[in-house]
Amino acid sequence: MVQKRNSPTPRARPKPAKALAPAAAAPPKRRGRPRAYEPDVALARALDVFWKEGFAATSLDDLSAATGMNRPSLYGAFGDKRELYIKSYESYRDRARVRMAEVFALDLPLRPMLLRIYGIALDMYLSGRDGPRGCFTVMTATSEAVFDPEIRAMVVGGLVEMDRFFARLFRIAKERGELAASADPQVLAQLASATIHTIAIRARAQVPRAELEAIVNGAIDVMLRG
């Protein structure tokens, strides 16, 4: 008797493997300045660093930490360290001009006007998170002016501008009869500017405000005598 051979059970075909979904592409690294970049805020923070440390002692790492911007962002927004310093200095001078214009608009008699001006200056010179900073021009820019013609021109221009501002005050006071007929507004302006520079240096040396105000009052007495 012939045995029937059972036909072999057909093997199940392997199911095709599912294609793997492509991995999500990593987001590209952001370059340049961040979205939260605010020019005025970053410039004010850079100004604070330069004001405290000066140009030479301030590193790009210091500026990056202060502004929250990496080096490429700083370069893209402001240029190199020197350009950022110059922009900071311009910002400082613009701020001072605004304050002086506000005082001039008050149209006060000479003594109250001078007291207001020197009071604003002392508020600025004695400010700083780590102690009094003095004047940006006197304490930092004059050092750079020795080697950098552009900064030197800015410093000289600022000094001339201050002398002219004070001379205008003294001319008006002379016309009002607040000064002697023999008073020289230009000489008095230079004396007033020199007083600004003196209290700036002493403020940086942490001389108490009361002593600085005594210097201011003595200088004003001399100016009013013409």
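Let's start at Arg95, which sits in helix H4 (a helix here is a DSSP run of H or I with at least four residues, numbered from the N terminus). Keep in mind that this is a predicted model, where local features need pLDDT of at least 70, side-chain atom pairs count only at pLDDT 80 or more, and totals for chains, interfaces and linings use all residues. Residues are numbered from 1 along each chain as its sequence is written, and side-chain values use heavy atoms, with hydrogens and water left out.

Arg95 is partly exposed, with a relative accessible area of 36%; buried would be under 20% and exposed over 50%, with partly exposed in between, using a 1.4 Å probe and protein chains only. Leaving aside neighbours within four places in sequence, Arg95 is in contact with Leu47 and Trp51, where contact means heavy atoms within 4.5 Å.

Now follow Trp51. Trp51 is buried, with a relative accessible area of 0%. How is its ring placed against Phe136? The two form an edge-to-face pair, 6.3 Å centre to centre with 80° between the planes. As for the rule, rings of Phe, Tyr and Trp (its six-membered ring) pair if their centres lie within 6.5 Å; planes under 30 degrees apart are stacked, over 60 edge-to-face, and the rest tilted. This pair links distant parts of the chain, with Trp51 in helix H1 and Phe136 in helix H6, 85 residues apart.

Phe136 is buried too, at a relative accessible area of 0%. Tyr92 and Phe136 have ring centres 5.4 Å apart and planes at 35°, so that pair is tilted. Here Tyr92 belongs to helix H4 and Phe136 to helix H6, 44 residues apart. Step back, and ring pairs join Phe50, Trp51, Phe55, Tyr85, Tyr89, Tyr92 and Phe136 into a cluster.

The charged end of Arg133 sits over the ring of Trp51, 3.7 Å from its centre, and Lys81 lies over the face of Phe55 at 4.4 Å from the ring centre. To count, NZ of Lys or CZ of Arg must be within 6 Å of the ring centre and within 35 degrees of the ring normal.

Arg133 also turns up elsewhere: the second largest pocket is lined by 14 residues, and Asp48, Lys52, Arg129, Asp130 and Arg133 lie nearest its centre. A pocket is an open set of points on a 1 Å grid over the protein atoms alone, where a 1.4 Å probe fits, with protein on both sides within 12 Å along at least five of seven lines; lining residues have an atom within 4 Å of a point. H1 gives the most to this lining, with 5 residues.

Conventions:
Helix = DSSP H or I, 4+ residues; strand = E, 2+ residues; numbered from the N terminus.
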